[in-house]
Amino acid sequence: MLTIGEFSRISRVSTKTLRYYDQIGLLKPGFVSKDSGYRYYEVSQLRDMLLITRLKRYRFSLPEISAVLAARDNVRLAELLQAKKEEFLRQINDQRHILLQMEQDIEKIERCENIMQANYLVKTVETQPKTIYSLRRKMSVRDFEEAFGVLCAGLEKSRLKPAGPFLSVYHDVEFNHECTDIEVGVEVAGGSGEQVRALAPGLCCFATHIGPYDDFTPCYTALMEWIEREGYTVSGPPFELYVKGCADNVPPSEYVTEIYFPIKK
């Protein structure tokens with residue numbers, strides 16, 4: 001057996017950390033002397049320590065690591081590693097997007113341009129009433145995918161088919177990232193029921209955003225600046241039409257979203 005000091009030296013983990021792992025039940029010594037209270041470890045526990053260190057590097061939490069050690073199930077471990085891998089890939093894609101944005105901002109600064117200036121062409125349109133099948137609830141932006149999944153399931157159950165792009169209507173006056181009154185829907189040809197209604201915003205101004213869904217704020221800002229400059233006021237909840245998106249098998253850089261504000265003089 002190895003003393004705690006020997007185990008620490010070989011595993012390159014401090015004795016303070018080893019005592020903490022013992023305290024929380026993550027890695028308990030193989031033997032503790034009743035007389036002295038000294039901790040002793042089995043040589044085989046060095047492999048467990050290697051696994052703990054590896055999983056910490058993979059950003060597993062200590063409770064997650066404890067569950068892995070308790071289960072000793074390689075099939076489950078492979079599933080957890082795959083999930084972490086996908087999480088890392090999402091983070092890498094996010095970082096790449098941020099780096100691209102930074103490069104574009106640097107280029108704008110070098111051209112003496114305002115990095116917050118976005119060139120959106122704002123137009124007005126008298127929208128025609130649409131019949132939409134929709135689902136309205138309080139949700140966070142993370143719930144969009146689930147909400148659209150429920151919407152599509154309802155469409156199929158009602159035997160309705162989309163007759164236009166999917167959309168979102170933002171009913172709250174204030175936006176809360178975690179809980180906002182959002183209606184997701186899609187234009188349909190006819191149909192009836194409590195989830196079928198008319199969308200008739202009337203006169204609107206709109207602009208087209210090309211790119212990922214992660215930040216429409218510059219487009220919204222351009223629209224509000226135009227509304228103020230042209231002497232209009234907002235007369236209804238804004239809505240987004242997803243003209244081209246993930247269902248069209250195109251990369252996020254090619255997504256096309258039209259953002260509308262109902263307006264009046």
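Two residues are in contact when heavy atoms of theirs lie within 4.5 Å of each other. In this predicted model, and with residues up to four places away in sequence left out of account, Ser168 touches Phe144, Phe148, Ile182, Glu183, Val184, Pro238, Phe239, Glu240 and Tyr242. Ser168 itself has its place in strand E6, which covers residues 162-170. The relative accessibility of Ser168 is 0%, and because buried means a value under 20%, this residue counts as buried.

The packing of two helices was examined next. Two packed helices are described by the angle between their axes and by the distance between those axes. For helix H1 (residues 4-11) and helix H2 (residues 15-24), the axes come within 9 Å and cross at roughly 110°, so that H1 is roughly perpendicular to H2. On the side of H1 the contact is made by Ile4, Gly5, Phe7 and Ser8, and on the side of H2 by Thr15, Leu18 and Arg19. When these residues are sorted by class, the contact of H1 with H2 has three nonpolar, three polar and one charged residues.

A further position, Glu103, is found in helix H5, which spans residues 74-110. Glu103 has a relative accessibility of 47% and therefore counts as partly exposed, since that class takes in the values between the 20% limit for buried and the 50% limit for exposed residues. Between Glu103 and Met116 the separation is 13 residues in sequence and 14 Å in space, taken from C-alpha to C-alpha.

Notes
Residues numbered from 1 in each chain as written. Predicted model: local features only at pLDDT ≥ 70, side-chain atom pairs only at ≥ 80, totals over all residues. Heavy atoms only, no water. Helix = DSSP H or I, 4+ residues; strand = E, 2+ residues; numbered from the N terminus. Buried < 20%, exposed > 50% of the residue type's maximum accessible area, 1.4 Å probe, protein only. Axes fitted to C-alpha atoms, helices over the stretch in contact; angles between N-to-C directions. Parallel < 35°, antiparallel > 145°, perpendicular 65-115°, else oblique. Nonpolar A, V, L, I, M, F, W, Y, C, P; charged D, E, K, R; others polar.
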